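Reader: I am new to reading structures. Could you take me through one part closely, and then show me what else to look for?

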Amino acid sequence: MEFSDLGLSPEVLRAIDDAGYKTPTPIQEQAIPIIFMGRDVLGCAQTGTGKTASFTLPMIDMLAAGRARARMPRSLILEPTRELATQVAESFERYGKHHKLNMALLIGGESFADQLKKLDRGVDVLVATPGRLLDLFERGKILLSDTKILVIDEADRMLDMGFIPDVERIVSMLPKLRQTLFFSATMPPEIKRLADAFLMNPKEISVSPPTSPAAMVIQHLAVIDELDKREALRHLLRAESVRSALIFCNRKRDVDILQRSLAKHKFDAAALHGDMAQAKRTETLDRFRAGAVKILVASDVAARGLDVIGLTHVFNFDVPIHAEDYIHRIGRTGRAGREGLSYTLATPDDGAFVTAIERLIGKAIPRIDVEGLPSVEFAASDGRPRRGRHTARREEPRARRPRRIPEAPAASARPAQHAPEPQPAIAPAPAPQPAPRHVNAGRPRPVERQATTPRPAPTPASKPAPMVETEPVGSVVAFGEHMPAFLRRPVPKPRPTENDAA
Ligand code: AMP
């Protein structure tokens, strides 16, 4: 199918041509004609599928006729994050460049005055995050009674981020007679319930998660001790010809910690996460896009939908908890026909998360050893991901361990011996994964796993230590056999005080 078969105007077709798109993606093929018919859409698709263009292209043509009134937007697109909202607004500008539509972007952290000025002029398209939109509504600066097209994008992210009550409030302020386009990467029951409430006789469109970006990404996974992760990352960053890299952490706090650690080791790294001021987020992203900073340490939320041309590497400093996030993260590289490399650092506790990812992608991620660091096995588990334990471990202060003597470096790449055999759940692998390659042959480099050091499963560290020890203890979990002498000293019972007596 061609774009010209979809009923788009010559102006939009010209903009598509300028963008260099040759053929519509599956979601575009399916959604565009339905949207033109004025029907509601329930789209199960995630970023990377061409979803944004699937709703922006027809909307541009539908809004081309008619004029907006001051403070009464004609269409509304709700996005969970500021970055996504900004990207959608940029798409509107790109695809609508041969039209004269007014667009406003309402996101937190930006000046109210500028946003209000735009609203006063009348906007055809309003792209907003729920919080800022409600804020303006409550100040009486905006009216949604003329909004005839509503797009709720990334609904499952909205749920994760606790925005659903805000979204429900916003929808209740819109006219009942409207067209609603609802997109979500997954359809858990809460999202289905919302879709049922917001949509009228929708056309359901489902496209499989994007496997094409991943097809251009050469993937690697190292299973190492939690305490070796930073060293492993530094080693990989030095060993690879990294031109531009994204490093993902699961938690915002870890983003900052890791960025500071990398900067201390003289890596050109910036941080990006949802707690940063918007001006700083925008500035950091712009610098990263322009190549002024080489490494961006980010959380999923901040990096969602990020489209950076020429990104060579993605590192998962943490294994993502949601398997789909893995595809999304590594899909930031290997775009537009270019090859990309991804490295995932897993710890013994991450076995179930890795299994879920390998099921989703339909193949095992080739294992590597990181030179100089011992590889470990996944801890035996009941197969269920342990989110709480995963997080709790990191909350604990990190005890320093005596440094291990590095193992002799392995010489050459060999296929992984230890990769589990996952059952393809969504789609079978289209082609066997090429053997991991290492870009920088002359420098220290990650090596294919040759031998692993079996180690006992970690002892659960959740039991609180007794407050008062009267007997010297044999060993302390965090210190293993290397417990400092002062910890073996008996601690005398505190003397009763006056208060105790009272
Ligand atoms: P999205 O899923 O909307 O985040 O889009 C992912 C990427 O695909 C963006 O970089 C778009 O510019 C690009 N894209 C969208 N539609 C097409 C298409 N028909 N052909 C090629 N690239 C596309």
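Where does Ala222 lie?

Author: Ala222 lies in strand E8, residues 217–223. Strands here are DSSP runs of E with at least two residues, helices are runs of H or I with at least four, and both are numbered from the N terminus. One caution before we go on. This is a predicted model, in which local features need pLDDT of at least 70 and side-chain atom pairs count only at pLDDT 80 or more, while totals for chains, interfaces and linings use all residues. Residues are numbered from 1 along each chain as its sequence is written, and side-chain values use heavy atoms, leaving out hydrogens and water.

Back to Ala222. Its relative accessibility is 1%, so Ala222 counts as buried. Buried means under 20% relative accessible area, exposed means over 50%, and partly exposed is in between, with a 1.4 Å probe and protein chains only. Now find Tyr343. It is 121 residues from Ala222 along the chain, yet their C-alpha atoms are separated by 7.6 Å.

Ser299 and Cys249 are 50 residues apart in sequence, but 5.4 Å apart in space, C-alpha to C-alpha.

Next, a helix. Helix H15 covers residues 323–330, and seven of its eight residues are buried, so H15 is largely enclosed by the rest of the structure. Among the buried ones are Tyr326, His328 and Arg329.

Turn to the rings. There are four aromatic pairs in the structure. Rings of Phe, Tyr and Trp (its six-membered ring) pair if their centres lie within 6.5 Å; planes under 30 degrees apart are stacked, over 60 edge-to-face, and the rest tilted. Phe55 and Phe183 have ring centres 5.4 Å apart and planes at 35°, so this pair is tilted. It joins distant parts of the chain: Phe55 is in helix H3 (residues 51–64), Phe183 is in strand E6 (residues 179–184), and 128 residues separate them. Both are buried.

Arg139 lies over the face of Phe112, 4.2 Å from the ring centre. The charged end of Lys229 is over the ring of Phe317, at 4.8 Å from its centre.

Now the ligand. It has 15 residues around it, and Tyr21, Gly48, Gly50, Thr52 and Asp307 come nearest. A residue is near if one of its heavy atoms lies within 4 Å. A polar side-chain atom of Gln28 is 2.8 Å from a ligand nitrogen atom. A backbone N or O atom of Gly50 lies 2.7 Å from a ligand oxygen atom. For Lys51, a backbone N or O atom is 3.3 Å from an oxygen atom of the ligand. The protein covers 77% of the 500 Å² of accessible area that the ligand has on its own.

Finish with two loops. Asn201 sits between helix H9 (189–198) and strand E7 (203–206). Its phi is positive, about 40°, although Asn201 is not a glycine. With 61% relative accessibility, Asn201 counts as exposed. Lys266 is in the loop between helix H12 (252–264) and strand E10 (269–272). Its phi is near 70°, again positive in a residue other than glycine. Lys266 is exposed, with a relative accessible area of 76%.

Definitions and conventions: A polar contact is a pair of N or O atoms within 3.5 Å; within protein, one must be able to donate a hydrogen and the other to accept it, and residues adjacent in sequence count only if both atoms are side-chain atoms. Accessible areas come from the Shrake-Rupley method with a 1.4 Å probe; for residues, only the protein chains shown count as cover. A charge sits over a ring if NZ of Lys or CZ of Arg is within 6 Å of the ring centre and within 35 degrees of the ring normal.
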